[in-house]
Amino acid sequence: MSDPRSDAAFLTRNAATAQPAGALEQRLKAAVDEGRQLRVKLGIDPTAPDVHLGHVVVLQKLREFQDLGHRVVLIVGDYTARVGDPSGRSATRPVLSPEEIDRNARTYQDQALRVLRNEPDLLEVRRNGEWLDMSMDAFLTLARIPKVAQLLERDDFAKRYAGGKPISLLEFVYPLLQGYDSVAIDADVELGGTDQTFNLLFGRDVQRAEGKPEQTVLTMPLLVGTDGSQKMSKSLGNHIGITEPAGEIFGRTMRIPDELIDPWADLLGMDLSSAEGQGPRERKRALARALCDRFAGAGEGEKAQDAFDRLFKDREIPDDIPLHGITGSVHLPALLADAFGVSRSEGRRSITQGGVRVNGDTWPSERLDVDAHELRDAVLQLGKRRFVKLVIEG
RNA sequence: GGGGGGAUGUCCGAGUGGUUAAAGGAGACGGGCUGUAAACCCGUUGGCUCUGCCUACACAGGUUCGAAUCCUGUUCCCCCCA
C-alpha cells in the first residue's frame with residue numbers, strides 16, 4: 001500500500017502503456033512523501049449510458065487506484081455532449097438536452113459504481129460545463145496551444161486528411177477541451193483506452209501551457225468483443241452490458257473464443273484460480289461465473305451455470321419461463337410473432353425450417369392453424385433458447 | 001458564389017431501362033455437430049390472410065408497354081475552386 005515501486009508495478013501490470021516511463025512510480029512516491037492522494041482522471045461521455053465490459057477495463061483500473069487510497073475524478077462531458085461531437089463517420093450525433101445529459105450521467109454513475117467505490121474521499125464527479133462554459137477571450141487564449149501540424153499527426157486525422165475525408169473544426173478542438181479538463185481538476189494521472197492515447201497525451205501539453213504539472217498517462221488495452229475480433233462496442237453489438245441478467249452474461253461469455261479467456265480475466269480483474277490448470281471449458285465457465293457474481297450479484301454465477309447446463313448440455317426445458325395467453329383458434333406464425341417479437345414471416349420461416357417445438361417435439365411445417373385447446377399448457381419453443389408456456393385465456 | 005460527386009434492403013456494397021425483392025460480404029436467425037450461445041457445415045434473411053399478393057432502391061412528380069436504372073424539382077451529405 002505504501003511502496004511506490006510495487007504499487008506502480010501492480011498498476012501497470014496489464015496496462016498498454018504508462019507514459020512517460022517511470023512517471024507513475026515517481027507520482028506514487030511523491031504522493032507518499034507529501035501525504036496526499038493522487039487525482040486520477042477519467043472522462044466519460046454522457047451520450048452512451050450503457051456501461052459494458054469494455055468500459056469496465058478502465059473502471060477496474062480506477063478501482064485499483066482507489067484501493068491504494070487515491071482519488072478518482074470522473075468528468076462528465078456534459079458541455080461537449082451539448083455541443084454534439086461529430087467524431088468519426090457517424091455523421092450527426094444528436095445534440096443532447098441538459099435533462100438527457102443529467103439522466104445519462106446519473107445512469108452512467110450508477111453503473112460505474114458497480115466497479116468503483118463510492119466513498120467521498122475516493123470519488124469525485126465533476127461536469128466539464130463547470131469550466132468549459134468560458135468566455136471567447138479565454139477560449140482564444142487556449143486556442144493558441146494546439147498546433148495544426150501536431151493535430152494532424154494524430155492517426156485518424158492523418159488518415160482522414162490524406163483520404164480527403166472531412167474533419168470538422170470542432171473535432172480539432174476536442175482534444176483541447178479534454179486537455180483543459182485535466183488543467184481544471186489538477187489531474188495527476190489520466191486513464192483511457194489505447195484509442196485515447198493522443199487525447200490523453202495532449203492533456204499534458206495543455207497542462208504545461210497553463211503552467212501546471214503534466215499528468216501521467218496510463219492507457220489500457222481495448223477489450224476484444226464477443227465476436228473475438230473487434231474492440232467491444234455497443235454499436236458493433238459485440239458487448240456485454242454489466243446490467244444484463246446473469247443468464248445473458250453467462251451465455252454470452254461462454255460464446256467468446258477460447259483465446260479470449262485469459263485476456264478478459266486479466267483486463268477485467270477476474271480471478272480464475274478455481275479453474276487453475278483445467279481446460280478451456282472449465283476456465284471459461286469460471287470466467288462466466290465470476291462475471292455474473294461480480295455484476296449480477298453473488299451466487300448468480302452458480303445459478304446461471306445450472307440454467308445454462310440444463311438448457312444447452314441436457315437440452316431440457318428451463319423451469320421459469322414466461323406465460324403467454326392464447327384463445328380460440330391460433331395461427332401459429334401470429335402466435336410466434338406475439339410471443340417472441342419476431343415478424344409473422346419470420347415465424348413462418350422458423351416453422352418451415354424445423355425451428356419451432358411444442359413440448360419438445362418439432363412442429364410439423366404444414367400445420368399453421370390449430371385450436372387453442374390443443375396447445376393448452378404446452379411449452380412453445382423457438383430455436384434453442386426462447387420458450388413460452390401457453391395458457392388458455394379467458 | 002461557382003463546378004463536380006453521392007444518397008440502394010439491418011450494415012457495407014454491386015447494379016445504369018426488362019426473369020431484380022434486387023449480386024456479394026457482414027450481421028442476424030434456423031438446423032446439424034460440439035465442452036460451448038465457439039469453430040465448422042447446411043439453410044434462411046422486406047411484409048402478409050403465402051404455390052399468390054403488397055410494399056421497396058433519399059423525397060415528389062414525369063417519360064416509357066416497362067425504371068433502382070432516363071428527365072425535372074426538392075432535401076441531405078461530400079469534394080474542389082472562390
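Arg281 is partly exposed, at 43% relative accessibility. Buried means under 20% relative accessible area, exposed means over 50%, and partly exposed lies in between, with a 1.4 Å probe and protein chains only. Glu282 is also partly exposed, with a relative accessible area of 25%. These two residues form a salt bridge, and their closest N and O atoms are 3.2 Å apart. By salt bridge I mean a side-chain nitrogen of Lys or Arg within 4 Å of a carboxyl oxygen of Asp or Glu.

Now the ground rules. This is a predicted model: local features need pLDDT of at least 70, side-chain atom pairs count only at pLDDT 80 or more, and totals for chains, interfaces and linings use all residues. Residues are numbered from 1 along each chain as its sequence is written, chains are lettered from A and ligands numbered from 1 in the order in which they are written, and side-chain values use heavy atoms, without hydrogens and water.

Back to the salt bridges. How many does a search of the whole structure find? The count is 29. One of them joins Asp188 to Arg27, with 3.1 Å between the closest N and O atoms. Asp188 sits in the loop between helix H10 (169-185) and strand S5 (189-193), while Arg27 is in helix H2 (residues 23-34), so this pair ties together parts that are 161 residues apart in sequence. Helices (H or I, at least four residues) and strands (E, at least two) are DSSP runs, numbered from the N terminus. Are the two partners buried or exposed? Asp188 is buried, at 6% relative accessible area. Arg27 is buried as well, at 15%.

The next pair sits within one helix. Lys61 and Glu64 meet through their side chains in a salt bridge, 2.8 Å from N to O. Both belong to helix H3 (residues 53-67), 3 residues apart, about one turn of the helix. Lys61 is buried, at 1% relative accessibility. Glu64 is buried too, at 5%. Side chains of opposite charge can pair when their charged atoms come close.

There is also a network. Salt bridges link Arg39, Arg71, Glu124, Arg126 and Glu130.

On to His52. His52 lies in the loop between strand S2 (39-44) and H3. His52 is buried, with a relative accessible area of 6%. Its side chain has a polar atom 2.9 Å from the backbone nitrogen of Gly54. That is a polar contact: a pair of N or O atoms within 3.5 Å, where within protein one must be able to donate a hydrogen and the other to accept it, and residues adjacent in sequence count only if both atoms are side-chain atoms.

What does His52 touch beyond its neighbours within four places in sequence? The contacts are Met232, Ser233, Lys234, His239, Ile240, Gly241 and Ile242. Contact means heavy atoms within 4.5 Å. Take Ser233 from that list. Ser233 is in the loop between strand S6 (216-220) and H12. At 12% relative accessibility, Ser233 is buried.

Five strands make an open sheet, in the order S7-S13-S12-S9-S10, with mixed pairing. Two strands pair if DSSP finds at least two bridges between them. Strand S7 (323-326) and strand S10 (361-362) are the edges, each pairing on one side only. Strand S12 (residues 379-382) and strand S13 (residues 386-392) run antiparallel, joined by 4 bridges. Leu382 stands opposite Arg386 in S13.

Last, the RNA. There are 26 residues around RNA strand B, and Arg255, Arg344, Ser345, Arg348 and Arg385 come nearest. A residue is near the strand if one of its heavy atoms lies within 4 Å of it. By class, this surface has 5 nonpolar, 9 polar and 12 charged residues. Nonpolar covers Ala, Val, Leu, Ile, Met, Phe, Trp, Tyr, Cys and Pro; charged covers Asp, Glu, Lys and Arg; the others, Gly among them, are polar.

Which part of the RNA faces the protein? Of the atoms of RNA strand B within 4 Å of the protein, 60% belong to sugar or phosphate, and the rest to bases. A phosphate oxygen is 2.5 Å from a polar backbone atom of Ser345. A phosphate oxygen also lies 2.6 Å from an N or O atom in the side chain of Arg349. For Arg255, a polar backbone atom is 3.4 Å from a sugar or linking oxygen. The elements giving two or more residues to this surface are helix H12 (246-254), helix H14 (280-295), helix H15 (300-313) and helix H17 (344-352). H17 gives the most, with 4 residues.
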